[in-house]
Amino acid sequence: MRFERKDLLGLENLTADEINLILETAVSMKELFTRSVKKVPTLRGKTVVILFYEPSTRTRVSFELAAKRLSADTVNISSSSSSVAKGESIIDTVKTIEALGADFIVIRHPSSGAPHLISNRISSSIINAGDGMHEHPTQALLDLFSIKEKKGRIAGLKVGIVGDISHSRVARSNIWGLKKLGAEVFLIGPPTLIPRDAETLGVKVYYRLEKIIKKLDVINILRIQRERQKDQLLPSMEEYNSIFGVSLSRLEKARNDLVIMHPGPMNRGIEVTSPVADSKNAIINEQVKNGVAVRMAVLYLLAGGKNENIA
Amino acid sequence: MERIMTKNEMVRVLKRLTAEIMEDTSGGKNICLIGIRSMGVHLAEMLKNEIRKSEKKAPPVGILDVSLYRDDFSRRLPRRIKETVIDFDIEGKDVVLVDDVIWTGRTIRAALDELIDFGRPNRVWLCVLIDRGGRELPVQPDFIGKKIEAEKNQWIEVKIEKGKAEVFLTTEGRK
Amino acid sequence: MKILLKGGRVVDPSRNFSKVADVLIENGKIKKIAADINEKARTFKVGGLVVCPGLIDIHVHLREPGREDEETIATGTRAAAKGGFTTVCAMPNTNPAVDSVSGVKYILMTAAESGIVRVLPYGAITKGRRGEELTEIGKMKKAGIVGISDDGTSVMNARVMRRAMEYSKMFDIPVVSHCEDLNLSAGGVMNEGRTSTILGLRGIPPQAEEVMVARDIALAELTGARLHLAHITTKRSVALVREAKKRKIKVTAEATPHHLFFTDKFVEEYNTNAKVNPPLRSEEDRVALMEGLRDGTIDCVASDHAPHLDTEKNKEFDFAPFGVIGLETALPVVITALVKKKKLSLMDVISKMSTRPAEIIGGHDLGKLVIGGVADITVIDLNKKKKITSDFFVSKSANSPFIGKNLSGFAVLTIFGGKVVFRDL
């Protein structure tokens, strides 16, 4: 199994074998965390530019740590999204970054498809760290990794994703990844936050968590944003909480070994209550740790040369 | 494809290597074995069994995957990497690195770098089954199973599986 | 100055005429259509080619005044001539909008100076296209507009739209409606459906168009005005128009070549030349548009030629402007997608790209080949094949979704008022 891609733009176009290779590679990367010297020289001399057009701490730090543990040099560039619409074109920006010698550009952008716009135009490897409502492949990979680590498999599991599916790149990447590896996916949320055509992606849609909770092996709770109220998609955060907020009582009928996940940052008391987030079934902190390992694996696999004549 | 070592030969070679190691490490009192993935791992296990037979006591065995320390990384497709497993402290130990074939010496260079990240051994020895010459770095094994002269386009393959243990020399490039 | 077209198949949908004949043009007028005309004249041998009334595109954006970097009347009319069009109707969403007599006069004057085909302007329905106050429709009509439209946006206030329709009745001009409920479409950048779900792009549901088609048909029924629906795209819109026509409501409709050719799947990979408004729809909708053209529900094909610079289109999908150019590809696209696939006859195509559009804008001497009539003539080579590349275009912009496509059936000679304005034979 080889990994011959230049970029990681999403999981929609990856094969199950490619996803599995990333997950297996991440296992070895995670082993490094137990060493006293947590850094390996693999990407010495390589430069990773982390270009974020949206504020984010978790993902940015995770990528930065991943790159540093592989000995790459990292540069952070943050640009506010307001400057995107009118300022320098993103194509010019990344061409400049490429000219400065970036081997990788890790990009987060509020507009779906922004990484695709630049991927054909430059030779640096592009890693999508979240584009609009489209994909967030490394988050889904770390979710898959975390599920596999906890459950030993993905195939055959029933995974529920609760919340704002329409606006969620995490949900989309998770749907592709989970389906490719053989899981069953259930989307749970209000109809205003689930795309009309969601079921054409091969998932099942529920408007009530109670109707499906007892079947689920894993529940992935998405962050709900206040703007949804302004867009008339929700009457209020409190009403959302009263119907979809994941609380202990709502989990009464769930399996004892239900795995509880959240991509963070959490709104405690809105989409999830503290007793649930802090329960022994929650693997939310382990997800964060796994994120570094998965991102190291992605950097490692994309960095390889394309010539296999070896001595 | 030419067979250059049979199972019987390999068993004899391993016995001799065991003896040499024991002699040079004062009976192996302070040693540990570390096999380099992938074939070095099998050989380290076989050596351990030999040592257990002769000394009634087996040294700890670790596994190194040197993929992340290689210097040819960006020139080839990344290989499937596996974990490095060293669940004992190598600080102050006499470490015997074990690999199947030594050629350019680059793998051993990577292995030494990785090993050092785990601690400061008292001494590091190198044991290989086959030395095929062709060194590109000043790295020399301390214990050698067999020396052969191989051409650049030749490939040495050590096969150890399900009771089989043989070494072959092939002349077409590896796929 | 005489021009003689020898040996072509003369096709005139206005009298269902299709015969091999020669056409003689003198002093800008059609002098004679007959077999074997022998006259001393500038002669074009057009055997095997189609000779038809000059094509008419009743929906183009020429960008002048305001965005002369994207297109001008000079370049836009050259693109028109190359596409076989002798008449184009310019939408008033320029900067400033054509919402007054002076705006209309500016367009006509510039067209007279620098245009090479006929440019007929539309006036805006409301001042500044803001949907609030009616423009001086009567004065603009006198200055030369052929219809009114706030194209690019909808007149959201139904009362204002009602008054515009009622008032325009006395001038016998069409009210051209861009049907889009702006509240339903808000934020949308492509058709709402499976593809938008996968791409994570905000969708525009077909209903954003359909509720306005329904509203405007209802208002046309209420007022008795002539309603022309610009670029309809959905199966339900076609059905609404079909039903309205059955009930004798004065409604006509157009479809664009790109909506007849592509579906929203074309947006995959975030192709900004697939970003148009109204958006590319589903295959079911596309099939319904072809059927609507075939059965006469849809009266005409119009390009909605909308030039944008590369620098604007090479952006994030969300930030790229809506619109594609179409004047130079409209005819070959229709021939490739409809005639070659036997969905529409050649006679139908010429009707929908010349005769019917002329009727809609009240250009009664246009869109037909009659003795003594104006010599606007297009000669078409149905078998001419081309692969479209970005340097194919004479338009100032090259934002075409057809780049890379193999098309057949191109205009090879365009004659406007007895003058050759484009020639490729």
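# Reading the interfaces

Analyst: Start with one pair: Glu192(C) and Arg196(A) meet through their side chains in a salt bridge, 2.6 Å from N to O. Keep in mind that this is a predicted model.

User: How many salt bridges does the rule find across the interface of chain C and chain A?

Analyst: The count there is 1 salt bridge. Polar contacts are listed separately: between chain C and chain A there are 8 residue pairs, both residues at pLDDT 80 or more. On the chain C side that touches chain A, helix H6 (residues 194-199) of chain C gives the largest share, 4 residues. By class, that side has 7 nonpolar, 4 polar and 6 charged residues.

User: How do I read the size of an interface? What area do chain C and chain A bury between them?

Analyst: Interface size is often given as the accessible area lost when the parts come together. For chain C and chain A the figure is about 1,800 Å², with 54% of it on carbon and sulfur atoms. Within chain C, the residues losing the most area to chain A are Thr197(C), Ile198(C) and Glu316(C), together 31% of what that side buries. As for contacts, 17 residues of chain C meet 25 residues of chain A.

User: Which chains share the most contacts?

Analyst: Chains A and B do, of the 2 pairs of chains in contact. Chain B and chain C have no contact, and their closest C-alpha atoms lie 27 Å apart.

User: Now inside one chain. Into which domains is chain A divided?

Analyst: Domain 1 covers 16-135 + 290-309, and domain 2 covers 137-287. Their centres, taken over C-alpha atoms, are 26 Å apart. The contact involves 26 residues of domain 1 of chain A and 25 residues of domain 2 of chain A. Between them these domains bury about 2,100 Å², and carbon and sulfur atoms give 61% of that. On the domain 1 side, Met133(A), Glu135(A) and Asn290(A) supply 30% of the buried area, more than any other three residues.

User: How many salt bridges and polar contacts cross the interface of domain 1 of chain A and domain 2 of chain A?

Analyst: The rule finds 3 salt bridges. Arg169(A) and Glu54(A) form a salt bridge, with the closest N and O atoms 2.9 Å apart.

User: Which elements of chain A each supply at least two residues of the domain 1 side?

Analyst: Among them are helix H2 (58-69), strand E3 (104-109) and helix H11 (284-303). Helix H1(A) gives the most, with 8 residues. By class, the domain 1 side has 11 nonpolar, 8 polar and 7 charged residues.

Terms used. Residues are numbered from 1 along each chain as its sequence is written. Chains are lettered from A and ligands numbered from 1 in the order in which they are written. This is a predicted model: local features need pLDDT of at least 70, side-chain atom pairs count only at pLDDT 80 or more; totals for chains, interfaces and linings use all residues. Side-chain values use heavy atoms; hydrogens and water are left out. Contact means heavy atoms within 4.5 Å. Domain bounds come from an automatic or database domain assignment. Buried area is the accessible area (1.4 Å probe) that two parts lose on being put together, summed over both. A salt bridge is a side-chain nitrogen of Lys or Arg within 4 Å of a carboxyl oxygen of Asp or Glu. Ala, Val, Leu, Ile, Met, Phe, Trp, Tyr, Cys and Pro count as nonpolar, Asp, Glu, Lys and Arg as charged, and the others, Gly among them, as polar. A polar contact is a pair of N or O atoms within 3.5 Å; within protein, one must be able to donate a hydrogen and the other to accept it, and residues adjacent in sequence count only if both atoms are side-chain atoms.
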